[in-house]
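Colleague: I'm new to this one. Could you put it up and talk me through it?

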Amino acid sequence: MEGEMLKGHLDMIVLAALATGPAHGYAVIEEIKRKSGQAFDLPEGTVYPALHRLEQANLLTSRWVTAESGRQRRVYALTRRGERALAERRAVWEQFSDAIGRLLEGAPQCKKPA
Amino acid sequence: MQETGLISDYLDRLGDALRFDRSLSRGVVWEVEDHLQEAAAADAVGDRREAERCAIARFGDPHAVAAQFASVSLAREANRTGAALILVIAGVFVTMKSRVVWYAVTQWVVCDDMKAVSGIAGLVDRYSFWFSVVVAIGSFAYINSRCVSPILDAGYHRQLRLAFVLSLVATMFLAVSVISDGVLTALHLRSTELHAFALVPIISMAIEAAGVGVLAFQIRSMTRKAVSIAALLKT
């Protein structure tokens, strides 16, 4: 999928990946890949600034834990505000997606340029 | 598998690119180290060096990653400045009121020939203090009502600049208020013999001045960070 299109929805994608429960950055990225069927292949470094930004906006909270490897690991979780924001964004997205779907209904499919 | 040093080299470069915010840099470097080690370990290639190289390539250029943290860092600094402003103003208010109560309890008044100067200083003090309160509340509300932008574009730059200017104006008016307080305190001290009681207004003035000093330091740190980030974004 187009990188720019993904970046526009990065916050919603990250919030959605954390909807199943707390996770650290690597697990969030893996969850995004898994849930999207590998369709979203983001530059992994873009996810961390998004996590920090969402935490700054109080949509996420984080805590440091020690991983089995002994390394310090930062685990993120959705806050109540984050859950509400995800629900709102999902509703807007569904409306948008329905509208585009209706618009494209019946439109002839174009072949990709060679 | 044995580490090859590629990850630590990458982390050094990332840490260097994030030098505009030391505390953020430390946390991010730990997080990224955990990420890269896990990604390299999960790679089924078998060759550790190749696995580390792929993990780093997927993560992206350290300068580009650091640049994406710029808006987070500046937003955090603006938030911190706004909160410090509110706390210091509250502290100055309590100190100021305590000193007035102290003067009343000890029946400590300004001598008659200094009443006119005291009146002017009192007016300047009152208006500059309340003006700083209004601007600080406006600044704090403004900062907290803005979403942190994913990139430091011109629009977000303007928002941060406005927050910075509001904080600066509030601090300047608070400084004027504290200076006026200092004048009033000096007039009170001049009107009587110096004794142990004089320590109370002197200490309270020192607290107010320290509060303004903290704000000045915070604003300086925000300015330095902004300059440092601007330099990073140019490279």
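Predicted model: local features only at pLDDT ≥ 70, side-chain atom pairs only at ≥ 80, totals over all residues.

Colleague: Okay, which elements each supply at least two residues of the lining of the second largest cavity?

Modeller: That cavity has a volume of about 40 Å³. Its lining includes His24(A), Gly25(A), Tyr26(A), Arg73(A) and Arg74(A), along with Glu31(B), Asp34(B) and His35(B). The elements giving at least two residues each come from both chains: α3 and β3 (72-78) of chain A, and α2 of chain B.

Colleague: Which of the elements gives the largest share of that lining?

Modeller: Glu31(B), Asp34(B) and His35(B) are among the lining residues, and α2 of chain B runs over 22-42. The largest share is 3 residues, and the element they come from is α2(B).

Colleague: How much area is buried between chain B and chain A?

Modeller: On the contact side, 24 residues of chain B meet 18 residues of chain A. Glu31(B), Asp34(B) and His35(B) supply 29% of the area that chain B buries there, more than any other three residues. Carbon and sulfur atoms give 57% of the total, which is about 2100 Å².

Colleague: And how many salt bridges are there between chain B and chain A?

Modeller: Take one example: Glu44(A) pairs with Arg58(B), with the closest N and O atoms 3.2 Å apart. A salt bridge needs the nitrogen and the carboxyl oxygen within 4 Å, so that pair qualifies. Between the two chains the count is 5.

Colleague: Which element gives the largest share of the side of chain B that touches chain A?

Modeller: Three helices of chain B supply at least two residues each: α2 (22-42), α3 (48-59) and α4 (62-105). By class, the residues on that side are 12 nonpolar, 6 polar and 6 charged. The largest share, 12 residues, belongs to α2(B).

Colleague: What about the largest cavity: how much space lies in it?

Modeller: Glu44(A) turns up again here, lining the cavity with Ile29(A), Ile32(A), Phe40(A) and others. The lining is 5 nonpolar and 3 charged residues, with no polar ones. The space inside is about 50 Å³.

Colleague: Last one: which element gives the largest share of the lining of the largest pocket?

Modeller: That pocket holds about 720 Å³ of space. Of its 35 lining residues, the closest to the centre are Ala57(A), Leu59(A), Arg146(B), Cys147(B) and Val148(B). The largest share, 8 residues, comes from α5(A).

Definitions and conventions: Residues numbered from 1 in each chain as written. Chains lettered and ligands numbered in written order. Heavy atoms only, no water. Contact = heavy atoms within 4.5 Å. Buried area = accessible area lost by both parts, 1.4 Å probe. Salt bridge = Lys/Arg side-chain N within 4 Å of Asp/Glu carboxyl O. Helix = DSSP H or I, 4+ residues; strand = E, 2+ residues; numbered from the N terminus. Nonpolar A, V, L, I, M, F, W, Y, C, P; charged D, E, K, R; others polar. 1 Å grid on protein atoms, 1.4 Å probe; cavity = no way out; pocket = protein on both sides within 12 Å on 5 of 7 lines; lining within 4 Å. Points joined across faces, edges and corners; volume = space filled by probe spheres on them.
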